[in-house]
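Me: I'm new to reading protein models. Could you walk me through a few features, starting with how helices pack?
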Amino acid sequence: MINKLAKAQKSWVAKLILTLTALSFMSLFGVSGYINSAGQNRTVIEVDNIEISQAQFYYQFQKELNAAQNLLGDEADLTEDMRQALLQMVISQMVQDAVLDRTEAKYHVLFSPALIQAFIVNDGAFKDASGNFNRDLFRQVLSRGGISEAEFVQSLKRDLTKRILVNIPVQNFNVPAVLIKAAAKADNKRRTFNYVMINPEDVVIDRAITEEEINQYYDDFSSNFVEPERRDVKVLYLSMADIADNMQITDDDIQAYYNEHKAEFETPEKRNVLQMIFADETSANKAFFKLQNGEDFYVVAESEAGQSKEDTDLGYVAEDELIETLAQEAFTLDKGAYGKPFEVDGSWQILKVADIEPASKTAYETAALQIKNILKDERLYDATYETLVNIEDALAAGESLEAVADKFNAKLTEVNGLAEDGSVKQAPDDMLNVVQNRDFADTAFSYNVGEISQVVETDEGMAVLQVEKITESHVKDLADVRDEIVKLWSENERTAIAQEKLNDVMYDMENGDKLEDAAKRYGLALYKSQPITRNETFANIGYADIREMFTDALLTPKQIQLGDTYIVAVATQDYESSDDLSESETALVKQKAYLSLLSDFSEAMLSAYAKDYDIKIEYKLLGTEY
């Protein structure tokens, strides 16, 4: 049973889901503590005395389904193949978990609460910036993953059980030299491939669609030509910028702010200070003597104080950025002057002022403009809330949309042909982002003709809608979709011709023809790859297909589809690899072989445990056909 399930997990669809959802199944915890009514559901999985109900299974399946949907995006839908693959993966994992739980009980594998606690508190994911375990962070991490503490503990125990019962018993083995040699030979063998590419876009259609076909397409694909319900709405809109412009900032407001924040509009004098530091007065005096003899400050700092240029240059500093002793010295020297050695906290120093930036002050007129914008930003939230309340009060009092727009100096505009998905036939350019807001469309479709909505808050402002007209959903007239039908027919016709050409090529090759002959017969370009290993590719073919083509005999045709393009490829020649491997190459091949064998051995170990148990799965109750 375990082997059967493991095989299902390795299908390409399952691997696709595995990649999309990053399902490590470390998150597939048991469901202890789940719905009390779970026992009332029918049992769908049994592993000896362990029973899993429908409710437990679908709880787990829904978690994985949500994870897949979140990764794919809200607008994406899982296909039925993907859903079935996900179902079987959850079945497989829950059976494996039950086998582990049963084996744990059988061999009396126990873990003390202290050990589990130690694993948790030492997990880096739950430690704060100080490196200490943080229970709030622990709960936040679990909450983000939709996991309860009981589920996490159960998962941790199961992981430890797997290490003891499966991983450790199978991990101590040596990869034989003969296997390393065989694996290296297989990995490094090179093949060349001939291939043709059949792209529907390159297909030439030698006839035009008939009127009868147009009518047939219109009937057969009518659901593709449905015009959704659309609404014309009148919109009162106030952006955050509009609200800010309407705010009244008085001269007194500006003066008060200026008086409280004068320092923000004044730049103090700054000086570019150079500094030498010495352990004793004698060394400082020696350096000072060299400065007096005309030597460069940086040169003396390097020779006498062992300082680099970066160590010496303090940059431009204000007086309050230096300790008092240094400030007094630095801000009494003239530009270009250096001072005598002086003592500071047990060390001796020499300072030089290389440059001076004089103090400056922003003119009040300039500061007033800056302050006005600052005050608008500070008061914008309150002003927005106040505006929203006042608009809603005015609407509640029965005022028209036009009257409210005049009162609040708001823009009044028309949006025509709005659909529920946010698409629109006509709207001002500056309203397109507003219209595409999900709440905007939801609101427009929540009211009848003539009704005025509540205020809708958008990312950049607020809007009020009045429905002017409703156009019901309907199938478009044939004349309106004729071009669309011709395009659809052309795409289908090209695809059909390409598929037919593909079938012809495959048929001819299966009957002994060479690919180059078939290519010439059907007007296809023939390509040849460079010699590649199974770990390389050509024509953007996936690595799984490449590896499969390496297991096929030479000249075996392989059909591959990449998007809308079909590829037919054959291996034409093998180039055997050298048996001489470097030490690092040998180590890499050995590691790959070890990991592959370890996976197989672990699977075999789990299967061996499973053979001792009676395993039953009600596939139909789980909504899948195995």
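Reply: Happy to! Axes are lines fitted to C-alpha atoms, for helices over the stretch in contact, and angles run from 0 to 180 degrees between N-to-C directions. Helices (H or I, at least four residues) and strands (E, at least two) are DSSP runs, numbered from the N terminus. This is a predicted model, where local features need pLDDT of at least 70, side-chain atom pairs count only at pLDDT 80 or more, and totals for chains, interfaces and linings use all residues. Residues are numbered from 1 along each chain as its sequence is written, and side-chain values use heavy atoms, leaving out hydrogens and water.

Me: At what angle do helix H5 and helix H7 pack?

Reply: Helix H5 (residues 113-121) meets helix H7 (residues 149-171) at about 105°, and their axes are 11 Å apart. H5 is therefore roughly perpendicular to H7 (under 35 degrees is roughly parallel, over 145 roughly antiparallel, 65 to 115 roughly perpendicular, the rest oblique).

Me: Which residues of H5 and H7 make the contact?

Reply: Contact means heavy atoms within 4.5 Å. H5 brings Ile116, Phe119 and Ile120, while H7 brings Phe152, Val153, Leu156, Lys157, Leu160 and Arg163.

Me: How do I read phi?

Reply: Most residues other than glycine have a negative phi. Here, Ala539 has a positive phi of about 55°, and Asn540 has one of about 65°.

Me: Where does Ala539 lie, and is Asn540 buried or exposed?

Reply: Ala539 sits in the loop between strand S16 (527-528) and helix H22 (543-551); Asn540 is in the loop between S16 and H22 too. Buried means under 20% relative accessible area, exposed over 50%, partly exposed in between (1.4 Å probe, protein chains only). Asn540, at 71%, is therefore exposed, and Ala539, at 22%, is partly exposed.
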